[in-house]
Amino acid sequence: VGGEAMVVIRGLDRVPGTVLSGMSDELWRAHTAELQARWNECNRARHDNGEAPISFFNFCAPFADGTERTSALEEHLGARERRGEQAPAEDCAAGAASAGKTSWPELVGADANEAAARIRAERPDLRQVAIIDAGAMVTMDYREDRVRVFARANGRVSEQVPKVG
């Protein structure tokens with residue numbers, strides 16, 4: 001899309017297989033606003049305590065499986081329950097997968113083969129850890145069981161952080 005990368009943030013975006021799937025636009029806007037406010041407050045408190053800020057990506061992750069909830073997410077899940085809907089099996093799988101590490105910023109610049117081996121060792125539940133040429137075209141689907149390691153021609157991990165998706 002014009003050279004711009006699409007970023008999916010689990011816990012913010014209505015990704016199939018998460019507790020947010022099927023959330024109405026109105027609730028999603030409220031969910032997004034509350035997430036932003038809570039993230040800002042969290043980072044203000046971290047700053048005041050001399051701690052490093054947390055990325056929005058990492059802050060949102062616990063909301064993907066319902067571990068953490070906004071008021072809008074509570075309302076969405078309550079409506080789902082009142083309709084007699086069970087959480088889809090994918091929701092449970094997404095929650096289990098999100099329990100592990102989801103990104104490896106420390107591997108940027110490392111040998112791509114060693115980075116892939118480390119990711120496999122830390123997350124043996126992943127079905128695919130693929131080394132891809134930096135800049136190569138890839139599908140935009142989001143998969144909880146995959147990590148792509150983008151490597152430069154010199155065999156080193158590019159600036160694109162390896163992450164689940």
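User: Which residue pairs with R38 in a salt bridge, and at what N to O distance?

Analyst: R38 meets E34 through their side chains, at 3.0 Å from N to O. Keep in mind that this is a predicted model.

User: Where do R38 and E34 lie?

Analyst: Both are in helix 1, residues 25–48. They sit four residues apart, which is about one turn of the helix.

User: How many salt bridges does the structure hold?

Analyst: The structure holds 14.

User: Which residues are linked in a network of salt bridges?

Analyst: One such network links K101, E106, R118 and E122. Within it, the side chains of K101 and E106 meet at 2.6 Å, N to O. E106 also forms a salt bridge with R118, at 3.3 Å.

User: What does the pair of E106 and R118 tie together?

Analyst: E106 lies in the loop between helix 4 (89–98) and helix 5 (112–122), while R118 is in helix 5, so the pair ties together parts that are twelve residues apart in sequence.

User: And how accessible are K101, E106 and R118?

Analyst: K101 has a relative accessible area of 33% and is partly exposed. E106 is partly exposed at 38%, and R118 is partly exposed at 36%.

User: Why can such side chains pair in the first place?

Analyst: Side chains of opposite charge can pair when their charged atoms come close.

User: Switching to cysteines. How many disulfides are there?

Analyst: The count is zero, taking a disulfide as two cysteine sulfur atoms within 2.5 Å.

User: C42 and C60: buried or exposed?

Analyst: C42 is partly exposed, because its relative accessibility is 24%. C60 is at 0%, so C60 counts as buried.

User: Now packing. What is in the largest nonpolar core?

Analyst: That core has 13 residues. W104, I119, L126, V129, V147 and V149 have the most contacts inside it. Helix 5 and strand 2 (146–151) are the elements that give two or more residues to this core. Helix 5 gives the most, with four residues.

User: Which residues does V149 touch?

Analyst: Leaving out residues up to four places away in sequence, V149 touches A112, A115, A116, I119, V129, A130, I131, I132, V157 and P162.

User: Which of its residues are buried, and what covers them?

Analyst: The buried residues of helix 1 are L27, H31, L35 and N43. Their cover includes helix 2 (56–64) and helix 3 (71–82).

User: What comes just after helix 1?

Analyst: G50 is found there, with a positive phi of about 75°.

Conventions:
Residues numbered from 1 in each chain as written. Predicted model: local features only at pLDDT ≥ 70, side-chain atom pairs only at ≥ 80, totals over all residues. Heavy atoms only, no water. Buried < 20%, exposed > 50% of the residue type's maximum accessible area, 1.4 Å probe, protein only. Salt bridge = Lys/Arg side-chain N within 4 Å of Asp/Glu carboxyl O. Core = buried A, V, L, I, M, F, W, Y, C linked by side-chain atoms within 4.5 Å. Contact = heavy atoms within 4.5 Å.
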